[in-house]
Every structure is written in C-alpha cells, then in structure tokens.
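Dear colleague,

Please read the notes alongside the coordinates.

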Amino acid sequence: MATRRTTPLLKRLFASHSRLNPTRSVTYMHRPGDGTPRAVTLIPGDGIGPLVTGSVEQVMEAMHAPVYFEKFDVHGDMKAVPAEVIDSIKKNQVCLKGGLATPMGGGVSSLNVQLRKDLDLYASLVNCFNLPGLPTRHDSVDIVVIRENTEGEYSGLEHEVVPGVVESLKFCSERIAKYAFEYAYLNNRKKVTAVHKANIMKLADGLFLESCREVAANYPGIKYNEIIVDNCCMQLVSKPEQFDVMVTPNLYGNLVANTAAGIAGGTGVMPGGNVGAETAVFEQGASAGNVGDRKVVEQKIANPVALLLSSAMMLRHLQFPAFADRLEIAVKRVILEGKHRTKDLGGTSTTQEVTDAVIAALE
C-alpha cells in the first residue's frame with residue numbers, strides 16, 4: 001500500500017523536474033574572485049586569421065564574457081615571434097591565435113612550431129565530432145586526437161651531413177602518453193588508441209609504444225589498443241566510430257587529425273588547442289589550409305566556427321563553463337538551422353553574417 005500511495009507523488013515530482021531548465025544546474029562552486037575578467041593574448045595572424053579572430057572578439061563582447069584581449073601583430077614571415085608576445089603569453093598563460101603562414105622550404109622555420117617550443121606546448125588536442133544539421137558521410141563521430149607537439153619530426157633535429165645528404169633525428173618521451181590517459185580519465189572517455197609505425201621504425205616508435213603501455217597500466221578502467229598509422233587512416237574513413245581518444249607522435253597526428261576533421265565536417269568547424277604545464281594556446285583545431293587563400297580573404301567568407309568553438313574551449317579552460325556552454329549552444333544552433341553557412345559548408349554566407357547569426361542565437 002505504501003508503494004502505491006507514493007507512486008503518484010513521485011510521478012508528479014518527476015514531471016515537475018522535467019520542466020526545469022537543465023542549464024540552470026550547479027556546474028561548480030567557484031572561489032571568491034574567480035569571476036575577475038582574465039587577460040588573453042590575441043594573435044590575429046595571417047590570411048583569414050584577422051577575420052575569424054575578429055568574429056571571436058565580437059561574440060565575446062556580445063555575451064559580456066569575462067575576458068579581455070592583449071592584441072599583437074605577428075606574421076609568419078617574421079624571423080621570430082617578438083619577445084613581448086612570448087612574455088604576454090607567459091604572463092596571461094592563455095592565448096588565442098589565428099593561423100600563421102609557414103614558408104615552404106628555404107630553411108625558414110615555422111613560427112607556429114617556434115611558439116610551441118618556446119612555451120613547451122607539448123600536447124596538441126583536436127576534437128572532431130558531428131555537428132547536428134551538418135550532413136556527413138559518417139554519424140556518431142566523436143574523436144579526440146592528442147598528438148605530441150614538440151618532439152618527433154617536428155623537433156627540427158636535422159642537418160646536412162654533406163651536400164645533398166640530409167640527416168633527420170627523431171625522439172619521444174612519455175609525457176604525451178600521460179597527458180592522453182589523464183585527459184581520457186578526466187573526461188570520462190573509454191578508450192585510448194596509440195597510432196604508430198613501429199613495424200618499420202622499431203626503435204623510435206617502439207619507444208613511443210613502450211611509454212603508452214606503461215602509462216596504460218595505471219588506468220585499468222580505460223581500454224587501450226594500438227594501430228599502425230596507414231591502417232589507422234583506412235579505418236578512419238571506413239569506421240570512424242570505433243575511435244575515442246587517439247594519441248600519436250607529431251607527424252602522424254597532423255595527418256590523423258586532418259583526416260578525422262574531414263570526416264566529421266571539415267577543418268572549418270573543428271576546435272582545438274595546444275597546452276603545456278604552464279600555458280595554453282587555442283586555435284583552429286585542424287590545419288588552416290585556407291590561411292593564405294587570397295580569394296577567401298578578399299571575399300571575407302572564412303568560416304569562424306572552428307575558432308569560436310576553440311574559444312569556448314578556452315572559456316572552459318579559464319573556468320567560465322556557463323559562458324562556454326552558452327557559446328557552444330549558439331554556434332550549434334546556427335549550424336542546425338542551416339541558414340547561415342560559409343562556402344566550405346555549402347552556403348553563401350560571409351564571415352560577418354555567420355558571426356551576426358551566432359550573436360543573435362546567444363541566450
């Protein structure tokens with residue numbers, strides 16, 4: 001009898017609860033002073049960079065986000081990143097940047113790589129996932145690619161032994177494996193896949209796998225497996241839903257992240273960032289192949305979605321989760337409605353029109 005009498009009451013309580021706004025739930029208890037606006041170093045960069053970073057600035061202002069930007073003019077053809085920029089990032093510990101053009105060949109180093117080395121941003125993270133309303137060949141894609149950012153081929157340890165003969169060295173440490181498993185653990189991910197070419201590079205990639213296996217032993221609740229990089233690319237384009245978190249050396253990760261981004265909707269919508277022990281730099285997740293596309297720049301049709309989602313990651317990193325949620329919901333609503341999309345997503349909208357739509361969708 002007691003059970004029968006309580007059942008209607010429970011139903012009424014559950015019905016009442018279902019009408020509540022779930023976004024009003026308590027996310028975390030902040031410390032006094034955590035609401036103080038944070039300084040963020042901003043590097044607009046080259047090509048489409050000023051367009052998409054300008055979009056972020058407008059959206060942040062529209063929703064009164066607790067951040068303000070220290071802007072610096074940096075370009076990929078500079079010999080080095082100015083010291084005052086490095087000092088600003090170290091002081092603020094957070095940076096948002098557009099793409100920096102990288103000269104091809106000629107011995108000119110990439111400023112993107114220099115930033116990662118100078119700040120020891122050893123972990124690159126790209127989140128590739130389906131966006132509702134954006135048609136793709138595969139559904140249920142939600143892959144996080146974590147690649148080493150400063151070692152491997154990108155360490156730049158190469159020299160000319162004799163004219164016409166160049167030697168390149170490769171090394172790796174276990175900290176990228178530790179970061180990947182810690183990320184999976186803290187974000188309730190179920191599986192980590194190590195991508196390698198140890199069947200050929202038995203010592204270098206063999207050391208990478210050895211590190212991954214040792215770290216995996218400390219996380220018994222997370223499934224661990226390994227896959228050769230060429231098979232990995234084939235599996236990505238045929239059954240991407242099998243992957244969760246992927247950890248890779250630098251060069252393989254660059255290829256894997258861009259492949260996963262293409263599967264999930266394109267590089268224009270995938271967020272990402274680079275992180276080290278002290279600082280984090282947020283930028284478009286997968287390679288900005290159109291950073292120097294003069295036509296895209298002149299017509300002002302660059303897609304700002306990737307950097308807007310990266311800036312939401314930045315807000316969450318700064319412990320402003322409600323602002324991050326609000327921004328992500330607005331961006332996803334614009335994508336779902338389908339009225340404002342840039343050319344790469346099959347639309348005709350300009351960067352500004354997408355930005356205005358996101359601002360209008362903010363709650």
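Glu174 sits in the loop between strand S7 (165-168) and helix H5 (175-186), where helices (H or I, at least four residues) and strands (E, at least two) are DSSP runs numbered from the N terminus. Because its relative accessibility is 31%, Glu174 counts as partly exposed; the scale used here calls a residue buried under 20% relative accessible area, exposed over 50% and partly exposed in between, with a 1.4 Å probe and protein chains only. Leaving aside residues up to four places away in sequence, Glu174 touches Ser211 and Glu214, contact meaning heavy atoms within 4.5 Å. The C-alpha atoms of Glu174 and Leu207 are separated by 8.7 Å, although the two residues are 33 apart along the chain.

Before going further, please note that this is a predicted model, in which local features need pLDDT of at least 70 and side-chain atom pairs count only at pLDDT 80 or more, whereas totals for chains, interfaces and linings use all residues. Residues are numbered from 1 along each chain as its sequence is written, and side-chain values use heavy atoms, with hydrogens and water left out.

Turning to the aromatic residues, rings of Phe, Tyr and Trp (its six-membered ring) pair if their centres lie within 6.5 Å, and planes under 30 degrees apart count as stacked, over 60 as edge-to-face and the rest as tilted; by this rule there are 5 aromatic pairs. The rings of Tyr122 and Tyr179 have centres 6.4 Å apart and planes at 85 degrees, so this pair is edge-to-face. Tyr122 lies in the loop between helix H4 (111-118) and S4 and Tyr179 in helix H5, so the pair ties together parts that are 57 residues apart in sequence. Both Tyr122 and Tyr179 are buried. Phe181 and Tyr219, by contrast, form a stacked pair, with 5.6 Å from centre to centre and 25 degrees between the planes. This pair also links distant parts of the chain, since Phe181 is in helix H5 and Tyr219 in the loop between H6 and S9, 38 residues apart. Phe181 is buried, its relative accessible area being 0%, and ring pairs join Phe181, Tyr185, Tyr219 and Tyr224 into a cluster.

As for the sheet, 10 strands form an open sheet with mixed pairing, in the order S2-S1-S3-S12-S11-S4-S5-S10-S8-S9, two strands being paired if DSSP finds at least two bridges between them. Strand S2 (67-71) and strand S9 (223-228) are the edge strands, each pairing on one side only. Strand S8 (residues 191-196) runs parallel to S9 and is joined to it by 6 bridges, with Lys191 opposite Lys223 in S9.

Helix H8 (residues 250-264) has 15 residues, which at 1.5 Å a residue should span 21 Å, and its end C-alpha atoms are 21 Å apart, which agrees; the expected span is 1.5 Å times one less than the number of residues. Among the buried residues of H8 are Tyr252, Val256, Ala260 and Ile263. The buried residues of H8 pack against elements including strand S4 (123-129), helix H6 (204-216) and helix H7 (229-238). After H8 comes Gly265, whose phi is positive, near 140 degrees.

Finally, Leu236 touches Val256, Ala260 and Ile263, among others, not counting residues up to four places away in sequence.

Best regards
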